[in-house]
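Reader: Hi! Could you show me how to read a structure like this one?
Author: Gladly. Let us look at it together.

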2 protein chains.
Amino acid sequence: MTDTPIVPIVMAGGAGTRLWPLSRETMPKQFIPLLDEGLSTFQATLLRIRDARFARPVIITNHGFRFVVAEQMQMVGVEGDIILEPERRDSAAAVAVGALLAKARGPQAVGIALAADHVVGDVARFREDCMIAAQMAAEGRIMTLGIVPTGPSTAYGYIEAGAPLGAPGAHRLERFVEKPDRATAERYCAQGFLWNSGNFVFCVETMLGELAAFAPEVLAGAEAAQQEAQTDLDFLRLDATAFGRIPRISIDYAVMEKTRHAGVLAARFDWSDVGAWDAIYDMKPKDENDNVLEGNVLALDSRGSLVRSEEILTTVIGLDEVVVVSTRDAVLVASKAAAGKVKGLVEALKRGHHREAEEHLRIYRPWGWYQRIDIGTRFQVKRINVKPGRKLSLQKHFHRAEHWVVVSGTAEVTLDGTVSHIHENESIYLPIGCVHRLHNPGRIDLELIEVQVGSYTGEDDIVRIEDIYART
Amino acid sequence: MTDTPIVPIVMAGGAGTRLWPLSRETMPKQFIPLLDEGLSTFQATLLRIRDARFARPVIITNHGFRFVVAEQMQMVGVEGDIILEPERRDSAAAVAVGALLAKARGPQAVGIALAADHVVGDVARFREDCMIAAQMAAEGRIMTLGIVPTGPSTAYGYIEAGAPLGAPGAHRLERFVEKPDRATAERYCAQGFLWNSGNFVFCVETMLGELAAFAPEVLAGAEAAQQEAQTDLDFLRLDATAFGRIPRISIDYAVMEKTRHAGVLAARFDWSDVGAWDAIYDMKPKDENDNVLEGNVLALDSRGSLVRSEEILTTVIGLDEVVVVSTRDAVLVASKAAAGKVKGLVEALKRGHHREAEEHLRIYRPWGWYQRIDIGTRFQVKRINVKPGRKLSLQKHFHRAEHWVVVSGTAEVTLDGTVSHIHENESIYLPIGCVHRLHNPGRIDLELIEVQVGSYTGEDDIVRIEDIYART
């Protein structure tokens, strides 16, 4: 066993389009309360490593997710370093950045690269397996956590294990193989292949050495992006120019398939990458008709299906093996066998400029959230929720006036320099062009209904004069 | 040919639950713009008989539909007598009431009982066929309009035609048979049976005579309900006590299966009773994948399906022969083969006290409509539309205050006796307990956003002090 704690490098920058419409680019699956405890997989990942055997984590995420990352960490009481990627890159960039940061904690540091969007059933076993992998890593191996298949899945890549190493379940890694067809998957399972979970344990010096050997551009870009990084509130923002030069490549292709140090540990914990809706179905408890029914739903004469509603009454009659997911602004109906095609659907929706492809109806901001509840030719209505103590930017609009009606809590409103307090069941009018700011000075959430009236009510009609979240 | 025009008796009181969620009890399918021209089938039925060969129609409907009936008639410029049934009865009651009213137009009057929820392809042929049937009716026959089958449907009852009568397509009616299974339907088609459209042409004296003979309770109840009827605004409201005593029975069972005078005309027009979603699919034009896609929808790898959205983005992947219908507050997903089970689904929803089983989100009123757009623990937000010249009741609430923001048009607001005009982008506050009234004095629709705040925001917290629509 290693003496120093393992440095978790949590990769939380993915787009998660395969779980659309629940997961969307601006609020992807790792941040959505998918689990029964009301936690996101990102939060569950953090709790899994809240243990003396793990060090303060490094979170690598997209700059667009910075506030939700900070808020979700605060909710579960886990602190860490939040590193912002200026744009989306594949996993090699994140591992390189994470390894460089972990190296600063000590020359012999062992890191674990963890996906933020996986589900693990048995946390104690997960931690034990990490310790075993860390021991191999300290001896120079780059250890992949392999999963003993529960069936011949075609959704995962496989790993052929080689000669045993000196710890239970640890082997040399013989080769990676791509996602197979059904027959090949059955053969792999019979031959004892493991699923590739995409989580790795390594000594940072080993990983940095292999990156230097096999992916020097990735390493050089990561080093430059970090040297030029800027502190932004509580975040470390990597340099955009340097980061932009890093090739888009996964750590599997960049290093794991080439290194002579690769090992694999046959992990003993239940695991799912919840990669698509059929995986969600698989991991949930079923009713007497083998259905998973969640929310305001009713199914008649249907079996083996997942039906989930965020709000709208959603009904199914006479269909087996389907997935139906309804949200406030989008509905997905798919055969379970076609669940993997959701990614292609989202791409088609993007080409068609459907807002729903990328954004939820409820938009999260550092101060809370807003949601459009109605829109017409010359008006728009929003529900706005401001968390206690939070404050929107000082702003003005060129094309719309706003009426605010407070329905819960108290608003402190600054209007052209004058501050007033608006209580529940009171309203205030903000004429076109006025400079205004909304603040929740109270102890409970502030909720208000905003009625916008004007010739244009788009989000981009906003001039931010001052902002405590550095968005001006 | 008969000399006097035929009296149309339009039966517009049905509940239409088989087309849920588009059709709901409080606004059923006959009033929904299902047709490509944006017309309801009720309106199309009225236009079909707007011809010199037809007299002023008698509309028999449920009292709950009186305002939508009046409004839809006005929209297409058709006048008629609107008779209100105090509760739902089957077709024998409607035919009896209609025949009694038609008799007042002349002793030899010929009536046609028409369903308000059928689709007819060729209006000219429809009218010609009605004239042929009327000629037979004048000679003492009760003529059913039979439809030449386009395939072995199991959704319709069939009619066996007997010996020819003295007009093209007219036969004695040999027998009615119930909806068959597929094999039987094929045999019926091979034997030249016709579909039973449920539309009848008769001399009113003949029909009343047969009702007296075979369904005396129906006739007696209809006579009493009519003698005691009350005029209510522009409507004739049948007496509730007398009407309530009429047995629930269809005209087929009450008279047509028993009378010796039954005839059938093999009608030459395209026809559908749009009885379920599969029938809607059948009557619409298909795309290259045999799909019918309407509204904000996207389908991938799907064939032979109907996908229809009122508003919410609705997507389908990898499913054939399905029906997906999404409205603002309810989604139906069904195999096309199970479309007939929607009625049972709606019954299950009613048992579960789902509001969506019976009401739309948008609620029509004699003055316009309103729609809930958001609701919370102590507030509710509505969009309210008032037609030009219309006026809501003078009212007050015990548990809620209201904020009105006008987003289009001009509101004339009476507040505790004081009248003021609120224009676009202006608002007014109505405290709890105040006596208020909303009126649209202008030439365009008045639209406003109402934010209700209070401990209870249910619809039943309303005291109507005065109402031009007699609802106090």
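Author: Keep in mind that this is a predicted model. Let us begin with one residue and its surroundings: beyond its neighbours within four places in sequence, S91(B) is in contact with M11(B), I249(B), S250(B) and I251(B).

Reader: Which helix holds S91(B)?
Author: S91(B) belongs to helix α3 of chain B, which covers residues 91-103.

Reader: Is S91(B) buried or exposed?
Author: Buried means under 20% relative accessible area. S91(B) has 16% relative accessibility, so it counts as buried. Its side chain also reaches the backbone nitrogen of I251(B), at 2.9 Å.

Reader: Now the two chains. How do I read the size of an interface?
Author: The size is often given as the accessible area lost when the parts come together. Here, about 4300 Å² is buried between chain B and chain A, with carbon and sulfur atoms giving 67% of that area. Chain B brings 53 residues to the contact, and chain A brings 53 residues.

Reader: How many salt bridges are there between chain B and chain A?
Author: The count is 6. One example joins the side chains of K341(B) and D301(A), at 3.0 Å from N to O. By class, the side of chain B that touches chain A has 32 nonpolar, 10 polar and 11 charged residues.

Reader: Which strand of chain B does strand β19 of chain A join?
Author: Strand β19 of chain A (residues 330-335) runs parallel to strand β17 of chain B (residues 313-317), and 5 bridges join them. To find one yourself, look for A334(A), whose bridge partner in β17(B) is I317(B).

Note on methods:
Residues numbered from 1 in each chain as written. Chains lettered and ligands numbered in written order. Predicted model: local features only at pLDDT ≥ 70, side-chain atom pairs only at ≥ 80, totals over all residues. Heavy atoms only, no water. Contact = heavy atoms within 4.5 Å. Buried area = accessible area lost by both parts, 1.4 Å probe. Salt bridge = Lys/Arg side-chain N within 4 Å of Asp/Glu carboxyl O. Nonpolar A, V, L, I, M, F, W, Y, C, P; charged D, E, K, R; others polar. Pairing = 2+ DSSP bridges. Helix = DSSP H or I, 4+ residues; strand = E, 2+ residues; numbered from the N terminus. Buried < 20%, exposed > 50% of the residue type's maximum accessible area, 1.4 Å probe, protein only. Polar contact = N/O pair within 3.5 Å; in protein donor to acceptor, adjacent residues only side chain to side chain.
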